[in-house]
Amino acid sequence: MKFFATIRNTFHEYRGVIRNFVALAFLQATNLLIPLLLIPLLLQRIGLAQYGVVALAQSTMLYFYVWVDYGFSLSAVKTLSEKHRQKEDLGQLFYEVSLSKMILLILGFGILLVILPLHPTLAHNTKLILGSYIMVVGQALLPIWFFQGVEKMPWATYANFCSKILSVSLIYLWVYRASEAIWVNMILGGSNILIGVIANIYLSKKYQLVFQKRWLKGIPRQLKEGFFYFTSHFSVSLYMHSGIILLGWFVNEQMLGVYSIAEKIALLLRQVLVMFSQAIYTQLCHILTQGYEAMQSFLRKLFFPFCILVGVGCLVCWLGAPLISTLVKLDISEKSLFIQLVRYMAFIPVIVCINIPFYQLLLISDHGKSSTKILSWGALVCILLNVLLIPYFSVLGTALALLVTESMISVLVIIKAKKYFFRG
């Protein structure tokens, strides 16, 4: 009885965190599960080689996601949580952030045009890569940051779910052969654009967000406030997704396809951590002002049980790697490599999970630059390890580089946080 009473009290104490986590869980589940469900269909219709190119394009676009988001998912959400949410304040922040994203979107396309000829696989599939930039446009238009800031995450979940269902339906009806692989990412981005436009119209009417020309002057301020968060996010993206980009120089498109599928499985587990991290962010902002005992209580009641659940999930993934290889319908010659990759990556989420509250404490405090430095060094180490290991171990070298990098980052983040927050 005492055990259930503890669970009930914990749920009551952190009900806001849990509610946000559930909404974010559904949001991210649609982002990852639906593309995973598409894998067998796409492998059957466009083949493993073209699927590898599509996945490479998606990984490339992830860098531009971070560029266009520019840390607004944290800086703008933090500003929304601090304001009294008066109509004019909401309108000013909404348009300053939205217009900043549009400027970054245009600049990002120019950057893509510059780097495109420098990568052999990207240059060989120019139309597919350029068409994939529609995904970035769609992501920029989805105002998920605003829904999160005003604590209306269910609405963001509904919008995202509708977008994914629409894109899956169109891919199922439209894409039948390898020559039509160019449409996969364009459909995913186009669905987001449609839902994003509808969501922006809805928010404008619900909160009476009326544009005022003088708010254009606030764009530099938003870029300045988001820069710190952008550098942190970009460093994470650099070491997480640099592997598949570098693989494009060393391996063929079939191997890219095998690695990208294994990476999506690992990202599914890791995305649970992203949801948890976003859900506890506001809570940790308050805990930081309450002292050591409040942080210790949070770790004991909510964080440690979550880590145990993540560990169980990773173990299930490790044991179920052969079954996963059967479900995605790979050839016999590719199954062994795929199983090795999944098992290499299976326990990375546990390593990452351990550092979540420590990393966020650094991020939201005056010591945030320390976390950025650690992530930047991690990105550099990961790239160097990839360059050294891929020629000898192929795709397994990329998985090993990611495992070593995540371990190094977690150790350094925990040491730094203990120095500032847990002395004595």
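Predicted model: local features only at pLDDT ≥ 70, side-chain atom pairs only at ≥ 80, totals over all residues.
Residues are counted from 1 along each chain as its sequence is written, and side-chain values rest on heavy atoms, with hydrogens and water left out. Local features need pLDDT of at least 70 and side-chain atom pairs count only at pLDDT 80 or more, while totals for chains, interfaces and linings use all residues.

**View 1. Y70, in the loop between α2 (15–69) and α3 (72–82).** Helices here are DSSP runs of H or I with at least four residues, numbered from the N terminus. Y70 isn't a glycine, yet its phi is positive, at about 55°. For background, most residues other than glycine have a negative phi. With 9% relative accessibility, Y70 counts as buried (under 20% relative accessible area; over 50% is exposed and in between is partly exposed, using a 1.4 Å probe and protein chains only).

**View 2. Q208, in the loop between α9 (182–206) and α10 (219–250).** Here's another non-glycine residue with a positive phi: Q208 sits near 50°. Its relative accessibility is 46%, so Q208 counts as partly exposed.

**View 3. N386, a buried residue in helix α16 (residues 368–393).** Leaving aside residues up to four places away in sequence, N386 touches S242, G243, L246, P391, T398 and A401 (contact means heavy atoms within 4.5 Å).

**View 4. L268, in helix α11 (residues 253–287).** L268 is partly exposed, at 26% relative accessibility. Look for P349 too: L268 and P349 are 81 residues apart in sequence, and their C-alpha atoms are 9.6 Å apart in space.

Note on methods:
Helix = DSSP H or I, 4+ residues; strand = E, 2+ residues; numbered from the N terminus.
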